[in-house]
Amino acid sequence: MNPPFSPAVIDDLIQAAYFLAALFFILGLKRMSSPKGARVGIVWAGVGMLVATLITFLYPGMHNFGLMLAGILIGGIAAWWSGKRVAMTAMPQMVALYNGMGGGAAAAIAAAELLHSGELAPAAAVLATAGALIGAVSFSGSLIAFAKLQGLINKSLRFKGQQALNMLVFLAALVMGVLIIIGHATGPLDVALFFLLALIFGVLMTVPIGGADMPVVISLYNAFTGLAVAFEGFVLQNPAMIIAGTVVGSAGTLLTQLMAKAMNRSISNVLFSNFGETSAAGGEVSGNLKPIDAADAGVMMAYGSKVIVVPGYGMAVAQAQHKVWELAQLLQSRGVTVKFAIHPVAGRMPGHMNVLLAEAGVPYDIIADLEEINAEFVTADVALIIGANDVVNPDARNRKDSPIYGMPILDADKAKNVIVIKRGQGRGFSGIENALFYMDNTRMLYGDGQEAVARLIQGIKTLD
Amino acid sequence: MIDGFIALYIFMLAAFTGYEVISRVPVILHTPLMSGSNFVHGIVLVGAMVALGAAAGPVEQVIGFIGVVLAAGNAVGGYVVTERMLEMFKTSGAKQGKAP
């Protein structure tokens, strides 16, 4: 299409650009795995993406360039706008949303290829259909995950025979897929029915899963989308898509395993166990909740020698990270050692709390994860729990009948005193009672995270 | 052409690469990394463009167009969100937090 270049040269150019893109993606991901170079990593991956996208306009024999540009602008600007203005706390659901879009795109490619049918070799037909199924499930599943984290869906829908129904829908989708592959059903309606079944399965699979498990599910769908992209890459004979998709597929699978492991559960357990259904199983807790006012709590911390802060989702919701860091600095200036203890699944994603604390400017060296900090709680005068619940519930250690039994927790109950900042007397995301709150050395400081911490700061300042 | 065993080799090597690249990641970077890998599969945009470029009838054009819109959203949104997260991981120079 460009007179000075022969088609062979253009093809080489395209292949070289895709090679570079694949290389930059891998190098970028590699850099993103260490805090120092992480920022550079995403820029490299971005350069790879830009090169690959621009060169694709030279692809031989293409038309619909107007539609193509319009589509890129519409999707790109909408995503740019939403990504820039969304609050840090809403990042997990945005990842889910964009991931779903990628799955949907992979499914759309498959749909276009399947409707072209007849041109596809058997292996390509199998991969196109498999990619379509995975991509469509990732699309509708991710949208449900987004809706749940965004608070658009609050209930986890569960009913009798749910697993059987899910299985039935999945099998139906599979049968349709096989019919398409062997060429018995290739009309637009057949393909539409196949996609409809896959989309319904994605919804059904995700609705019963509780919000606390969403990070694992989002990570799983991220891996799904990667795999779908790799399959469609094979159909389109596009090495950049095959490599990038496969790398994400395997990396996402590993990440999913790491997250599930942090909760001491398997992936299938997360997907099929109907976690939280037995909300009564937490059983009765003896003792009562003992409130404390901010001034007393402030004194307790200001005259202690060590305070360990345990942040949770409540801190994210209240956007309290800046205030929390202000409080920590105030305590440090009085000679108190302050540390932050991060549970692997605190918040809605692994590392969620780290991101928020980093945003507030908390240095890495006072942030510790579960293995590092658990032995230190015994030496702490105060464990300050801000909006965390299930991750500090000692029932996970002590009560075999508890739904969260066996989950590794932060041993906040071993500190000399525990102060819990909590909005009200409600239960955690898993819906079970927290024995920590009823312990003799625990005091409850009720209030919105940010405002409660502000009161603590006030209380400590008036001590001078 | 990438077919048969060549494709299998690529799948295998890329799968190990993904596994190895991720396996040494500190927990602190899990969310940004998930977001980063979410961006990387935004390469599906390239495929969506090719699919739309080859689309014949109106049905295929609509499907291809939807694919391009969704893929562009994946790529651009994935980049913006990841970049914003990583922006906060400034190197140790920024130890002292800003006083609110």
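**Reading the terms in a predicted model**

Of the 100 residues of chain B, 59% count as buried, and this, like everything discussed below, is read from a predicted model.

Me: What makes a residue of chain B count as buried?

Reply: The word applies to a residue with under 20% relative accessible area, and in chain B 59% of the 100 residues fall into that class. As for the surface, chain B exposes about 4000 Å², of which carbon and sulfur atoms supply 70%.

Me: What is the secondary structure of chain B, and in what order do its elements run?

Reply: Chain B has four helices and zero strands, so that the order from the N terminus on reads α-α-α-α. Among the contacts in chain B with a separation of 6 or more, 64% are between residues 24 or more positions apart.

Me: Why are α4(A) and α8(A) called roughly parallel to each other?

Reply: Helix α4, residues 91-115 of chain A, and helix α8, residues 214-235 of chain A, pack at an angle of about 25 degrees, and their axes lie 9 Å apart. Angles under 35 degrees count as roughly parallel, and the two helices are therefore given that name. The crossing in which α4(A) passes α8(A) is left-handed.

Me: Which residues of α4(A) and α8(A) meet, and how does their contact divide by class?

Reply: From α4(A) the residues are P92(A), V95(A), A96(A), N99(A), G102(A), G103(A), A106(A), I109(A), A110(A) and E113(A), and they meet I218(A), Y221(A), N222(A), T225(A), A228(A), V229(A), E232(A) and V235(A) of α8(A). By class, this contact of α4(A) with α8(A) has 11 nonpolar, five polar and two charged residues.

Me: How do you know that α4(A) is roughly parallel to α2(B)?

Reply: The axes of α4(A) and of helix α2, residues 30-40 of chain B, come within 10 Å and cross at roughly 20 degrees. Since the name is given to angles under 35 degrees, α4(A) is roughly parallel to α2(B). The crossing of α4(A) and α2(B) is left-handed. On the α4(A) side the contact is made by V95(A), Y98(A) and N99(A), and on the α2(B) side by M34(B), S35(B) and N38(B). The residues of this contact divide into three nonpolar, three polar and no charged.

Me: Why does T442(A) count as buried?

Reply: T442(A), which is found in strand β6, residues 442-446 of chain A, has 0% relative accessibility. The limit for the word is under 20%, and T442(A) therefore counts as buried. Leaving aside neighbours within four places in sequence, T442(A) is in contact with K290(A), V418(A), V420(A), L436(A) and F437(A). V453(A) is 11 residues apart from T442(A) along the chain, and the C-alpha atoms of the two are separated by 17 Å.

Me: What makes N166(A), at 8% relative accessibility, buried or exposed?

Reply: N166(A) is found in helix α6, residues 162-181 of chain A. Buried means under 20% and exposed means over 50%, so N166(A), at 8%, counts as buried. Not counting residues up to four places away in sequence, N166(A) touches F201(A), L204(A) and M205(A).

Me: Why does Q319(A) count as partly exposed?

Reply: Q319(A), in the loop between α12 and α13 of chain A, has 32% relative accessibility. Not counting residues up to four places away in sequence, Q319(A) touches A87(A), T89(A) and Q450(A). V169(A) is 150 residues apart from Q319(A) along the chain, and their C-alpha atoms are separated by 41 Å.

Key: Residues numbered from 1 in each chain as written. Chains lettered and ligands numbered in written order. Predicted model: local features only at pLDDT ≥ 70, side-chain atom pairs only at ≥ 80, totals over all residues. Heavy atoms only, no water. Axes fitted to C-alpha atoms, helices over the stretch in contact; angles between N-to-C directions. Parallel < 35°, antiparallel > 145°, perpendicular 65-115°, else oblique. Left-handed = near helix turned anticlockwise from the far one by under 90°. Contact = heavy atoms within 4.5 Å. Nonpolar A, V, L, I, M, F, W, Y, C, P; charged D, E, K, R; others polar. Buried < 20%, exposed > 50% of the residue type's maximum accessible area, 1.4 Å probe, protein only. Areas by Shrake-Rupley, 256 points an atom, 1.4 Å probe, with all protein chains shown as cover.
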